[in-house]
Amino acid sequence: MFTGRTKVVGIAGRFGPRYGSSLRAKWKDVVVRRYQAYECPLCGFKVRMERISTGIWRCPKCSRIYAGGAYQPLTT
Ligand SMILES: [Zn+2]
């Protein structure tokens with residue numbers, strides 16, 4: 001039943017309430033990192049990398065594809 005209250009769920013809301021808050025926080029962290037700008041190791045521009053698949057990233061600036069981390073373009 002719709003109560004009229006606004007639920008604050010954010011991007012992690014689609015995982016539903018049966019998942020623990022720690023897991024949601026972890027997922028949010030992953031998503032945030034994924035959309036951060038990273039300095040391209042190939043052209044040096046700081047851009048938002050496009051993830052082709054797990055560990056495969058493409059730089060929108062120089063269009064070159066390179067291997068990186070599974071959830072972020074560059075592993076530290
Ligand atoms: Zn580049």
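Ser63 counts as exposed because it has 10 C-beta neighbours inside 10 Å; the cut-offs are 12 or fewer other C-beta atoms within 10 Å for exposed, 20 or more for buried, and partly exposed in between, with C-beta atoms placed from the backbone. This is a predicted model, in which local features need pLDDT of at least 70 and side-chain atom pairs count only at pLDDT 80 or more, while totals for chains, interfaces and linings use all residues. Numbering starts from 1 along each chain as its sequence is written. Ser63 sits in the loop between β4 and β5, and its phi is near 60 degrees, a positive value in a residue other than glycine.

Stepping back to the whole protein chain, there are one helix and five strands (DSSP runs numbered from the N terminus: helices are H or I of at least four residues, strands are E of at least two). Read from the N terminus on, the elements go α-β-β-β-β-β. Of the 76 residues in the protein chain, 7% are buried. As for contacts (C-beta atoms, placed from the backbone, within 7 Å), 16% of those between residues at least 6 apart in sequence join residues at least 24 apart.

Now to the sheet. Three strands form an open sheet in the order β3-β4-β5, with antiparallel pairing; two strands pair if DSSP finds at least two bridges between them. β3 and β5 (65–67) are the edge strands, each pairing on one side only. From one strand to the next, the twist averages 35 degrees, with axes taken as lines fitted to C-alpha atoms (for helices, over the stretch in contact) and angles running from 0 to 180 degrees between N-to-C directions.

Within that sheet, β3 (residues 50–53) and β4 (residues 56–58) pair in the antiparallel sense over three bridges. Arg51 has Trp57 in β4 as its bridge partner. The hairpin of β3 and β4 has two residues between the strands, and Gly55 in this hairpin takes a positive phi near 80 degrees. As a general point, side chains in a regular strand alternate between the two faces of the sheet.

That leaves Pro41, which lies in the loop between β1 (37–39) and β2 (46–48). Pro41 is partly exposed because 13 other C-beta atoms lie within 10 Å. Pro41 and Leu74 are 33 residues apart in sequence, yet their C-alpha atoms are 8.8 Å apart in space.

Notes: Contact = placed C-beta atoms within 7 Å.
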